[in-house]
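Take a moment to look over the sequence and the structure below. Then we can walk through a few of the parts together.

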Amino acid sequence: MAGITKMFHYFDGVTDETWLDNSTPLVKNADKYDPDLATEFSNFCDYYNTLGYAVEPGKSRHKALVENAVKQFQDRILNHLNKRSFFSIEEINSAIEPLLAQLNNAELTERPGSSRFSRYKAEERNLLRPLPLIEYSAHSKVMSRKVRPNNQIRLGNVRYNIPWGYVGKELLVKVDTHTKEISFIDPSDGEILTTTKIRNPSEGPEPQRKDLIPQDLKYLVENKEELLDRIRVQLGDKAWEVAKRLAKPNNSMAVRHLKGFLSLSKKYEKDFMDKVYEDLLKKTIISFKGYRDALQKVEQIEGVRYKKKRLKHGATLDVIDCRSVRGAEYYKDRFNQ
């Protein structure tokens, strides 16, 4: 069946019928009226949507064109290679390929100006069915599954992670029992999105995979050490010193506090935050509440100094502080204005 598969891919399409010369692996019982096809070949035909047809045994009238093609192949290709030695199928195929292309593109004696390949494109190519996105394998099973809201696909009692951006979409799932792998494939273009090992239900869901998360969202699953490294790179050494003390070993909320620290600190100008860090580093113990208090204290002294948001074409937007716009006096002033 591997040869038939390669044939379909060579022609870039699937024939309506696939005629067999009663080869033993594909036909269990040759019969003039009711041949018995091998189970695996029947599955193959169902997958490619082609009709497996075993010709009448002992009769050669069904394969005259095939025998002629074999003769052409022997005369034009094999005779040119009979004095060479080959040590693998790959070497043989590499030697045959240019000779086959030369044979198919040669001008036909009875049809000047045309070749086997040009006639195939003009007369036969449009009669073939399209190839399935996934090549058939005896060890594989292909199914369709929808991506759940948590960016996972459930197979049996096990959940597998999918790259972001496919929630609610149907993906093709290829389960290979030979390699023990599962591949998730985009049906729109056949792209393999990710491949992972098959898990047993006792192993539970697949652990979160950071390689499937967009770069700008990876901080959501970063651990304490990764967050500290990112704080040092993005905010500097002073912020890193504060963050280290904020995420002390006995702080069970360390990851959550570091995410909040990073998010809030990035909103303000650097010199403003340096004053906040200096104020915090004077303290013996730094907590997240202490960090918020220090922010508020410096705000009262210095005034709110958010970073200017950059817009397209180099423009900037001043962000107005909205946390202190509460109370009767504020609305009274707004009304008078």
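A surface patch, as the word is used here, is made of residues with over 30% relative accessible area and no salt bridge, and nonpolar side chains are joined into one patch within 5 Å. Keep in mind that this is a predicted model.

With that in hand, find Met7, Tyr10 and Phe11: together they make a nonpolar surface patch of about 280 Å². Phenylalanine 11 belongs to helix α1, which covers residues 2–11.

Next, look for the sheet. Its 4 strands form an open sheet in the order β5-β8-β9-β10, and their pairing is antiparallel. Because β5 (140–146) and β10 (192–197) each have a single partner strand, they stand at the edges, and one side of each is left without a neighbour in the sheet. From one strand to the next, the twist averages 20°.

How is β9 joined to β10? The link between β9 (residues 181–185) and β10 consists of 5 bridges, and the two strands run antiparallel. Serine 183, for example, has threonine 195 in β10 as its bridge partner.

Strand β10 is also the place of leucine 193. Leucine 193 touches Pro163, Tyr166, Leu171, Phe184, Ile185 and Asp186, leaving aside residues up to four places away in sequence. Between its C-alpha atom and that of leucine 262, 69 residues apart along the chain, the separation is 31 Å.

| Residue | Relative accessible area | Class |
|---|---|---|
| Phenylalanine 11 | 32% | partly exposed |
| Leucine 193 | 16% | buried |

Leucine 193 counts as buried because buried means under 20% relative accessible area.

Conventions. Residues numbered from 1 in each chain as written. Predicted model: local features only at pLDDT ≥ 70, side-chain atom pairs only at ≥ 80, totals over all residues. Heavy atoms only, no water. Pairing = 2+ DSSP bridges. Axes fitted to C-alpha atoms, helices over the stretch in contact; angles between N-to-C directions. Patch = residues over 30% accessible without salt bridge, like charges linked within 9 Å, V, L, I, M, F, W, Y side chains within 5 Å. Areas by Shrake-Rupley, 256 points an atom, 1.4 Å probe, with all protein chains shown as cover. Salt bridge = Lys/Arg side-chain N within 4 Å of Asp/Glu carboxyl O. Buried < 20%, exposed > 50% of the residue type's maximum accessible area, 1.4 Å probe, protein only. Contact = heavy atoms within 4.5 Å.
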